[in-house]
Amino acid sequence: MVRRTVPVLLLLALLASACSDDADPATDADPAAAADDTTDADTGVDDGSAAVAGALEVVGRAEYVTGGDVLVHYDGPEDEPTFTVDGVALDSTSRGNGYHVVRGLGLGASTIQAGGSRVDVVNHPITGPVFSGPHQEPFFCALDVYGLTPTGDDDCSAETSVQFGYVGDDGFVETDDVPDGITPIRLETGTINRGIYSIAVADPSFGADPIPAGKHLIYLFGGGCGNGHIQASGLVPGSSVLDADALEAGYILATSSLNVFQAHCNDVLSAETLMMTRERVEELAGPIGLTIGRGGSGGAIQQYSIVQNYPGLLDAVHASVSFPDSATISGGVTDCGLLLEFYGSEAGASFTPEQQLAVNGHGTVQFCEAWSQLFLPSVYADRGCDESVPLAEIYDADTNPDGIRCTLQDSASNLFGVDENGFGRRPLDNVGVQYGLDALEAGVISVDQFLDLNEAIGGYDIDGDIVAERAAADPDVIELTYATGRVLRGDGGVLDVPIIDVDLYSDFGYDIHDRFRLFTIRARMANDDGSPAGNRVIWTRSGSGLLTLVGGGDAPLVDEGQVVPSETDIADLLVEWASTGTRPEGVADDCVIEDVRIVGDDVFDDGEPCAEAYPYHGDPRTAAGQPLANDILKCTTKTPEPDDYEVEFSPEQFARLELVFPDGVCDYTAAGVGQVPLRGTWLEY
């Protein structure tokens, strides 16, 4: 079930009475009915602040303690207080300045006491889950890839590894004899929430003292969008904690294999893993400063989803080659598969490359080819699993109907629920979509071609096979998708953190990172008057070789001559911005054209040099009339009228149009079906 958490402090009984763990997300009438006592009265945003009882408080959320230990702050008469639960003393370690790591908590609710003060907590297993819903099963371990020693449990747990050394040219060098002038590094690797986490920090003391408190944390998110059942994916660009520059600058770096979206395209699991891993950092270091996200593509999706749905976990976002979410881009991705199938048919053979491009909406026809090869398999029940999942375990409608279904909706069935067959429900719909509408009205395709296309386009059945009927999503699933935050809407906490979004322009190459997504996000986060939200800036550079780089090649990520601050410089700017609440001087939208950096909040307005140098395009849905926000999963339909079109239909052609669209055509002047606001933050499943 999806539900909103309620206060645990002195009200633990309400936690049980307000929620039921058996409910299906599909049948939950109001998962966000209860208010949370850490919600700011002025902003309405939950800041994740500590639960306080007298002089004893928990660092983090008291209802989400994990692993049996917790960092607390005690402000009382004793320098070394005794912490107890039900009169039994607990082990504790001081982290200085009144902070202590308290260990030995049992699972479930308990009350920690010290010096006459008390605080209520709820402890969860270090293997999870906490709020993401039941563990996905089966689940395949990857400890050997990381050289970790398994503990032998059923959750792919490993013994924690702590190494000391430095970052060399070829990675981490373990040694207690670090060369002069080189920063000594402490590297910890282990398992939390079934993911493999890593934490790195400069540690000249080689562990003689705790990690210094107050350091800022850079948390790394990897890209892709995979279907789970695996502990780690081979696709980990941007996820290494061994960033010597950032470590030397004093940052702690951390990540987990379950914060690589290619391992599991589940933003709730990502948020939970971030929370649990950050708790481990806090227990090692005492209180940390700010937490800055960093990651591109699927790593950007995770950051945007987390700041919207689980505010307080990230204090700032450094995103790149961004997408808003996986739900709203899925329509355009699956459309590519349908369109490529059509172009290969007899009816579609007449479409020239120019006409295909106009229908697809991208900067080049290669975009659809890239989507089809890289991420379209996630629509197929028998093809989208990671290669490490044994073939014998994978679903086959005839020979293994109970096997693992390799679709995105099945991998996230805890978020979307299941149908009467036990298959994941999906928010995929193309009823009423007039493919090629812009191309028709621009005179690029004829009326007959437009009709041929829409008559033949079809859709996907629940197993991902292309069929004649269009895909029609259950309106309840559509509403749930919006209400629970699977769509980035500018709700929750997304407008309350500074965001620097770096765009590497590659609209005319074999890529999937099209620039219009940056402005889709901008449209969704816009102020009431349509102006851009002031907490986000876009930096554009000419990019190349993005997919080559992801695939292991050595093509440059950014073209020569580009003025690009380092990732550590960006972290520094975000720390300043988040700390002061004011954008640092010189931080605004900008782009680089022929080695010249152009900065200003209007540089992407129509007619400005940056807009001219880096035009954005769209996808099959925007080329079918959907607005730039691109956030309608299932359109409201209307009966077509001849006056709706800028081209003339003959009576016979219009009669055919009505037969092609028996349920009407998309009316994008109206809100989409089930397009409701976010019901609340910190939802549980």
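Trainee: How many of the 17 residues of α5 are buried?

Mentor: The model is a predicted one. In it, 14 of the 17 residues of α5 are buried, so the helix is mostly covered, where buried means under 20% relative accessible area.

Trainee: How are two packed helices described?

Mentor: By the angle between their axes and the distance between those axes. Here, the axes of α5 and helix α7 (residues 366-374) come within 9 Å and cross at roughly 100°. That makes α5 roughly perpendicular to α7, because angles of 65 to 115 degrees count as such.

Trainee: Which residues make the contact between them?

Mentor: From α5 they are Ile329, Val333, Cys336 and Leu340, and from α7 they are Cys368, Glu369, Trp371 and Ser372. By class, 6 of the contact residues are nonpolar, 1 is polar and 1 is charged.

Trainee: At what angle do the axes of α3 and α4 cross?

Mentor: Helix α3 (residues 267-285) and α4 have axes that cross at roughly 75° and come within 9 Å. These two helices are therefore roughly perpendicular to each other. On the α3 side, Asp267, Ser270, Ala271 and Leu274 take part, and they meet Gln302, Ser305, Ile306 and Asn309 of α4. The contact of α3 with α4 has 3 nonpolar, 4 polar and 1 charged residues.

Trainee: Why is helix α13 described as largely enclosed?

Mentor: Helix α13 (residues 516-524) has 8 of its 9 residues buried, so the rest of the structure largely encloses it. The buried ones are Phe516, Arg517, Leu518, Phe519, Thr520, Ile521, Arg522 and Arg524.

Trainee: What do the buried residues of α13 pack against?

Mentor: They pack against the helices α4 (298-309), α5 and α7, and against β22 and β23 (536-542).

Trainee: Let us turn to single residues. Is aspartate 501 buried or exposed?

Mentor: Aspartate 501 has 0% relative accessibility, so it counts as buried. This residue is found in strand β22 (residues 499-505). Leaving out residues up to four places away in sequence, aspartate 501 touches Tyr304, Ala319, Ser320, Ser322, Leu518, Ile521, Arg536, Val537, Ile538 and Trp539. One of these, serine 320, is 181 residues away along the chain, yet the two C-alpha atoms are separated by 5.3 Å.

Trainee: Is alanine 468 buried or exposed?

Mentor: Alanine 468 counts as exposed, because its relative accessibility is 64%. Its place is the loop between β21 (466-467) and α12 (475-483).

Trainee: What about the chain as a whole: how many helices and strands has it?

Mentor: The chain has 17 helices and 28 strands. Of its 685 residues, 57% count as buried. Among contacts between residues at least 6 apart in sequence, 70% join residues at least 24 apart.

Trainee: Where does the pLDDT stay under 50?

Mentor: Residues 1-24 are one such stretch, with 66 contacts beyond four places in sequence in the model. Residues 26-53 are also below 50, and that stretch has 72 contacts beyond near neighbours in sequence. For the chain, the mean pLDDT is 89, and 88% of residues reach 70 or more.

Terms used
Residues numbered from 1 in each chain as written. Predicted model: local features only at pLDDT ≥ 70, side-chain atom pairs only at ≥ 80, totals over all residues. Heavy atoms only, no water. Buried < 20%, exposed > 50% of the residue type's maximum accessible area, 1.4 Å probe, protein only. Helix = DSSP H or I, 4+ residues; strand = E, 2+ residues; numbered from the N terminus. Axes fitted to C-alpha atoms, helices over the stretch in contact; angles between N-to-C directions. Parallel < 35°, antiparallel > 145°, perpendicular 65-115°, else oblique. Contact = heavy atoms within 4.5 Å. Nonpolar A, V, L, I, M, F, W, Y, C, P; charged D, E, K, R; others polar. pLDDT = per-residue confidence, 0-100.
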